[in-house]
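The report below takes the contact between parts, then the cores.

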Amino acid sequence: MILILAPDISNDSGEYQSLITYLKTLKNIEARPHIVKGKEQTLTEIYLVGDTSQLKADDFKDLPCVSNIVKISKPYKIIGKHADDKRPTEFTYNGITFSQDNINIFAGLCAVSTREHVESMMKALKENGQQCTRMGAYKPRTSPYSFQGHGKNCLPYVFELAGKYDIKVIAMEITHEDHIDEINEALELTGNPTGVMLQIGTRNTQNFELLKSAGKQTRFPVLLKRGFGITLEESLMAAEYLASEGNSNIIFALRGMKTNMGDPHRNFVDFAHIPVVKRLTRMPVCIDPSHSVGTLDRGADGITDVMHVTAQGVISGANMILIDFHPEPTKALVDAMQANTIDQLPVLIEDVNIAREAYLKRLQIKGIKP
Ligand code: PEP
Ligand code: MN
């Protein structure tokens, strides 16, 4: 059971203290507060865990500062969407809202190659009205002999250029908890010109210590990729690790599953799970068409498979698109085969707009408000 308290309740207030004192008298029940800092208000949610089968919502509704009660129906308590759950399905970070009801495009470099490439990419994003991007500094590679990313050395120029071109959020994969400190330090050094969304890749979906580190900090939101060889439920529980440590500003990314059933694509595209994740949880859902498809092959109609699956995801209600671009794909240091060229950026944006409009129309014919 979750007790949602009235907004902006202080932990020091008499009301809050008397609520906590009462909850401590419940046998075999632990009360775990979870603070959600929103743009306008701070909400305290108290999760009652343990032997909760005997608890009745009625026994809690008149307690001091309790404004709402949610009965937990899913194992992922914090990120889950339970019956009559009116908790938010969105958050705002550095001026950009991430929601189950909107869409943001993160086009950018799979791996930072050179300062010039970063600048060309960001300039193109600004010219096309975009304020988000992806930039890989730490790359998890199958071979230890492959390029591992420029690491912290590229962060200062990546952040400075982001400031120059008005980029508000950069999705950046981390593979070790130290990378969070390195990102923090580089942002401080450059005067915080931009924001970072920490990306946890598919190889680390169940790296529980990394999840705990990314969950303990609340400065940066987290983009968690679905594990490519585990069940959806297991990946959702990984997201709950982040939330249970205190950070529930999470976006869940679908990026294809590892099986040769999807050949000739790099992974088996799993975007049919967009509505499923939005039904089961409060997280906005991202799609990564580049790592799902892995090539720039075109269909008989001339449209690339990457653009086709992007549109398929958007028409099903995807909230974010993470997609590889490179100003000079032949010089890309990672995943060159799947990097879209800059001239494809306005094409992508228009295609996404068409599919998004179609999604909103689909909601209308069903009488659902967007
Ligand atoms: C990436 O986005 O660069 C990446 C490595 O993705 P994934 O973890 O999905 O393979
Ligand atoms: Mn990649």
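In this predicted model, domain 1 and domain 2 bury about 1,300 Å² between them. Carbon and sulfur atoms carry 54% of that area. Three residues stand out on the domain 1 side: Y76, I79 and K81. They supply 53% of the area that domain 1 buries against domain 2, more than any other three residues.

The domain assignment places domain 1 at 2-88 and domain 2 at 103-365. Their centres, taken over C-alpha atoms, are 33 Å apart. Domain 1 brings 12 residues to the contact, and domain 2 brings 16 residues.

What kinds of polar link join the two domains? There are 10 residue pairs in polar contact, counting pairs with both residues at pLDDT 80 or more. The count of salt bridges is 0.

The largest nonpolar core has 91 residues. Within this core, the residues with the most contacts are M122, M135, V158, F159, M172 and I183. Domain 1 and domain 2 each give at least three residues to this core.

Take M122 as an example. Which residues does M122 touch, leaving aside its neighbours within four places in sequence? The partners are T133, M135, V158, L161, A162, Y165, I167 and I170. Of these, M135 and V158 are also among the core residues with the most contacts.

Another core lies apart from the 91-residue one. This other core has 18 residues, including I20, L48, L55 and V66.

Key
Residues numbered from 1 in each chain as written. Chains lettered and ligands numbered in written order. Predicted model: local features only at pLDDT ≥ 70, side-chain atom pairs only at ≥ 80, totals over all residues. Heavy atoms only, no water. Domains from an automatic or database assignment. Contact = heavy atoms within 4.5 Å. Buried area = accessible area lost by both parts, 1.4 Å probe. Salt bridge = Lys/Arg side-chain N within 4 Å of Asp/Glu carboxyl O. Polar contact = N/O pair within 3.5 Å; in protein donor to acceptor, adjacent residues only side chain to side chain. Core = buried A, V, L, I, M, F, W, Y, C linked by side-chain atoms within 4.5 Å. Buried < 20%, exposed > 50% of the residue type's maximum accessible area, 1.4 Å probe, protein only.
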